[in-house]
Amino acid sequence: MSRLRARIIGTGSCLPEKRLTNHELAKMVDTSDEWIFSRTGIRERRIAAEGEYTSDLAVEAGRRAIAAAKIPADSLDLIIVATTTPDLIFPSTASIVQHKLGVSASRMPAFDVQAVCAGFIHALAIADQFIRAGTCWRVLVIGAETTSRILDWQDRGTCILFGDGAGAVVLEAEIDGERGILSTHLHADGSQLELLLTDGGISRGKSPQGGLGVIRMQGNEVFKQAVKAMESCVDETLLANNVSKEQIDWLVPHQANIRIIQSTAKRLGMPMERVAVTVDRHGNTSAASVPLALDEVVRSGQIQPGHRVMMVAFGGGFTWGSALVRW
Ligand code: ACO
């Protein structure tokens, strides 16, 4: 029997124009470029302009991925958007993206996935299942966030960490091919939500500040959990595919903190030259971080056909996961 595999045939990304440097942040809260850079590796992040929504960034990243894939947008069978900062409570950002791409007439399904910083890996895993099952041939998967909209700009423990952006991939089914997504691994542990959450929401109601909620995080505890989860996910992925560390060519990790990235790279014995790093310029863009970093290394020509690429992410929930791709 023939086997279907989901191959990434195009990537794209989009960042808002506005840069916010650590020096500028130091004028807003009691912090410094030195503190932020030494603890996180972040120098600056992008911030969406007023009137610039998650769907705007998502649609531009999606357009670029579709162009790179050299396919007509209306040949897509499914759009999945991973986001924690949707334009609206409903409809889904994916529905809005479908409309903005001008492909509503195709009637393809479109929905959002919410797994915070691990959202893109979750969306990729879902798309992979649709393709393996033979339900879809081409899927657009986007990670997009305007995380700046759920920050408390007085909380120096969180507002220095995050940024806005979007990244996207187009997946296409390949019959009996060697390339494509080899495996995906997803996990969640909802027992420690008080360590990382928003302080308001829809059902629970408004946050003390009056809005729908801002990020509250016990950074050092989350840090420890992130290191542990990302390392164990890397081990799990190697084992599941019966491949050694040496057989991994690229690591594309979630971009929350350079120290978490370095510890994951160390687990893989991976030199930092083969690790996608954007955290210095993007900060933590949550669900957008992995596809943004992926697009950068793909467009620079560093990822070549045949390379094994490990993507791994950790975020609120807690949720975490990985994907191993043969490029
Ligand atoms: N500037 C200066 N000082 C600061 C700042 C700041 N921006 N923020 C905190 N501090 C102070 C604290 O008040 C504390 O001071 P004290 O010792 O006088 O109490 C001191 O610095 C140390 O604080 P910690 O929180 O222990 O600092 P840490 O070294 O852990 O770094 C950080 C904090 C950068 C947040 C780190 O813990 C981290 O990166 N955590 C992981 C974040 C993450 O991976 N999140 C997951 C994804 S996010 C998502 O899913 C939405």
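**Surface patch.** I looked for nonpolar surface first. Ile 89, Phe 90, Ile 202 and Leu 212 make a nonpolar patch of about 500 Å². The model is predicted, and I read every entry here with that in mind.

**Ligand shell.** I then turned to the ligand. How many residues surround the ligand? I found 27, and the closest are Thr 31, Arg 39, Cys 117, Asn 257 and Gly 316. By class, the shell holds 13 nonpolar, 10 polar and four charged residues.

- Thr 31 places a polar side-chain atom 2.7 Å from a ligand nitrogen atom.
- Asn 257 has a polar side-chain atom 2.7 Å from a ligand oxygen atom.
- For Gly 316 I noted a backbone atom instead: this polar atom is 2.8 Å from an oxygen atom of the ligand.

**Cover.** On its own the ligand has 1000 Å² of accessible area, and the protein covers 73% of that.

**Elements around the ligand.** Which elements give two or more residues to the shell? I listed helix H2 (33-40), helix H6 (219-241), helix H7 (258-267) and strand S12 (308-315). H6 supplies the largest share, four residues.

Terms used
Residues are numbered from 1 along each chain as its sequence is written. This is a predicted model: local features need pLDDT of at least 70, side-chain atom pairs count only at pLDDT 80 or more; totals for chains, interfaces and linings use all residues. Side-chain values use heavy atoms; hydrogens and water are left out. Patches are made of residues with over 30% relative accessible area and no salt bridge: like charges are joined within 9 Å, nonpolar side chains (Val, Leu, Ile, Met, Phe, Trp, Tyr) within 5 Å. Accessible areas come from the Shrake-Rupley method with a 1.4 Å probe; for residues, only the protein chains shown count as cover. A salt bridge is a side-chain nitrogen of Lys or Arg within 4 Å of a carboxyl oxygen of Asp or Glu. A residue is near a molecule or strand if one of its heavy atoms lies within 4 Å of it. A polar contact is a pair of N or O atoms within 3.5 Å; within protein, one must be able to donate a hydrogen and the other to accept it, and residues adjacent in sequence count only if both atoms are side-chain atoms. Ala, Val, Leu, Ile, Met, Phe, Trp, Tyr, Cys and Pro count as nonpolar, Asp, Glu, Lys and Arg as charged, and the others, Gly among them, as polar.
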